[in-house]
Amino acid sequence: MIETIRIGHLLRETASSPYRNLVTRPTGAAVRVRIEDALARSDCLTALLDFSGIELLDFSCAEEIVAKLLLAQALPQPRFVLLRGLRDDQHDAIAQVLTHHRLAVAALITGGEPMLLGWVSPDARDAFACLYRLGRGCAGDLADALGWPEPRASDALEALTRHRLVRPEGALRYPLLVA
Amino acid sequence: MTRVIEVPTHFDDRSFDQFAAGFGAWPPEEKLLVDARAAQWASPYGLIGLLTAGQAIAEAKGERPLLTVPTSDEVRRYWARIGFFRHAAELFELHGRVPKAAASGPSDVLLDVTPVRAMEDVHQVVEKISESASRILHGELGLERNAAMRFSMALSESCQNIVEHAGTGGWVAVQVYTFRRRLGRRVAVIAVSDAGVGFRRSLESTHAKRFGERWGDGAALEAALIQGVSRFRDPGRGQGLAGIKGFLDRWKGKISIRSGTARLSIVPAWDDDLPLADHLAFFPGAQVQITIPAQEAESR
């Protein structure tokens, strides 16, 4: 089950204004609190944050919303987090703040494969793309598909699991939207 | 006794040091007369620096300074159009004929001189500029369409620094003009200035020890702009300036920050500024200029 959270709606509720720009730390922090409230009321394992309709996302808001939300995933009941509806400049802002914290998140691209924003190893990026194409897989499946030794595929999958970028089920790993 | 401070004929980030030197010790004890009669041109940086001086004197409970307005009609009209006199009238005793700011068709002023005192002001600044930024940066300067968003991000982060670090209000203005002297091309310029504590005092309690005897205005600017440090313990802080640097690198832009007695710049190939100018005349707060040049035809 996926909980879709429309950031534009939260922004309008938070700021009580017609703003479509996510700027300033206090605004970002207020939006994040709303997201956390929504997740606290939900049983879903995956949160899909929909940025459609947001114009500007500055670094301060990217940090307050996305980075701090992921950092809070160490808390009880951690969720898988996916992003949707981002433009290039918003990708850049999120990628920068996540790289700073050595975090990563998956973003859905219209008509394309999901992409990883932030800090992950090149092997983990390749493994992420491969798993999406396979639909699910274990280290052996990935090793076969990528022509890697199995320990290398296992390490890459482990990194993706640690970052909560794939959903584990026994030895298998699933892309988040297939979960 | 009255101290006369001349506004440079060509008043920009470079000649600003000459203007700052006119004040002597801060806060000035004498009555001040700021003489802008000979001004022929002023950048947004110069104009909001002038307002910052008036603000700093007011906040130090100094006597309200006099300001003689430019003799040139054209210069006076521009200063009125960008909204300078509207704010200057609250900080200076104006002498000379001040034209009314007439609203007129499309302008090269992307954002009038605007006070920034609270986060709400940052929202309003970003809202106000978003439409014209796209028209100017893409249509006139030849930057990619999404550059307007990155430009607005740089504006947002620069203005937030005032609210978070200065301890007082500040000013912002954005304009497009032809940069004849050093570039020969159109540029979009963000100028931000405040009369606050400056980078050195803002960072002193958390970072001075690490620098030892090297600590000063120049070292504080280096820590903030090059190393990305912040006075906050939160490890996510300090990324605004890092993000701005990334944007400037991509578009061959320049950032220059003056605080206290130093100015630190990231200098692109088209400019000949010094990366670090130290031991300058003291000026309160911090002054930031971000310059984005029109892209050369071959890079479009």
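## Cavities, a covered helix and an interface

By class, the lining of the largest cavity splits into 12 nonpolar, 12 polar and 6 charged residues (nonpolar means Ala, Val, Leu, Ile, Met, Phe, Trp, Tyr, Cys and Pro; charged means Asp, Glu, Lys and Arg; the others, Gly among them, are polar). Bear in mind that this is a predicted model, where local features need pLDDT of at least 70 and side-chain atom pairs count only at pLDDT 80 or more, while totals for chains, interfaces and linings use all residues. Residues are numbered from 1 along each chain as its sequence is written, chains are lettered from A and ligands numbered from 1 in the order in which they are written, and side-chain values use heavy atoms, with hydrogens and water left out.

A search of the whole structure turns up 2 cavities of 30 Å³ or more. A cavity here is a set of points, on a 1 Å grid over the protein atoms alone, where a 1.4 Å probe fits but cannot get out; lining residues have an atom within 4 Å of a point. Points are joined across faces, edges and corners, and a volume is the space filled by probe spheres set on them.

| Cavity | Volume | Lining |
|---|---|---|
| Largest | about 430 Å³ | 30 residues |

In the largest cavity, Glu157(B), Asn161(B), His165(B), Phe199(B) and Leu241(B) lie nearest the centre. H6(B) gives the largest share of that lining, 8 residues. Helices and strands are DSSP runs numbered from the N terminus (helices H or I, at least four residues; strands E, at least two).

The second largest cavity is another story: its lining has 13 nonpolar, no polar and no charged residues.

Over in chain B, helix H8 (217–225) is mostly covered, with 8 of its 9 residues buried (under 20% relative accessible area, 1.4 Å probe, protein chains only). Those buried residues, including Leu221(B) and Leu225(B), pack against H7, H9, E10, E11 and E12 of chain B.

As for the interface, 25 residues of chain A are in contact (heavy atoms within 4.5 Å) with 26 residues of chain B. The two chains bury about 2,100 Å² between them, 54% of it on carbon and sulfur atoms; buried area is the accessible area (1.4 Å probe) lost on putting two parts together, summed over both. Tyr19(A), Arg25(A) and Phe59(A) supply 29% of the area that chain A buries against chain B, more than any other three residues.

How values were computed. 1 Å grid on protein atoms, 1.4 Å probe; cavity = no way out; pocket = protein on both sides within 12 Å on 5 of 7 lines; lining within 4 Å. Buried < 20%, exposed > 50% of the residue type's maximum accessible area, 1.4 Å probe, protein only.
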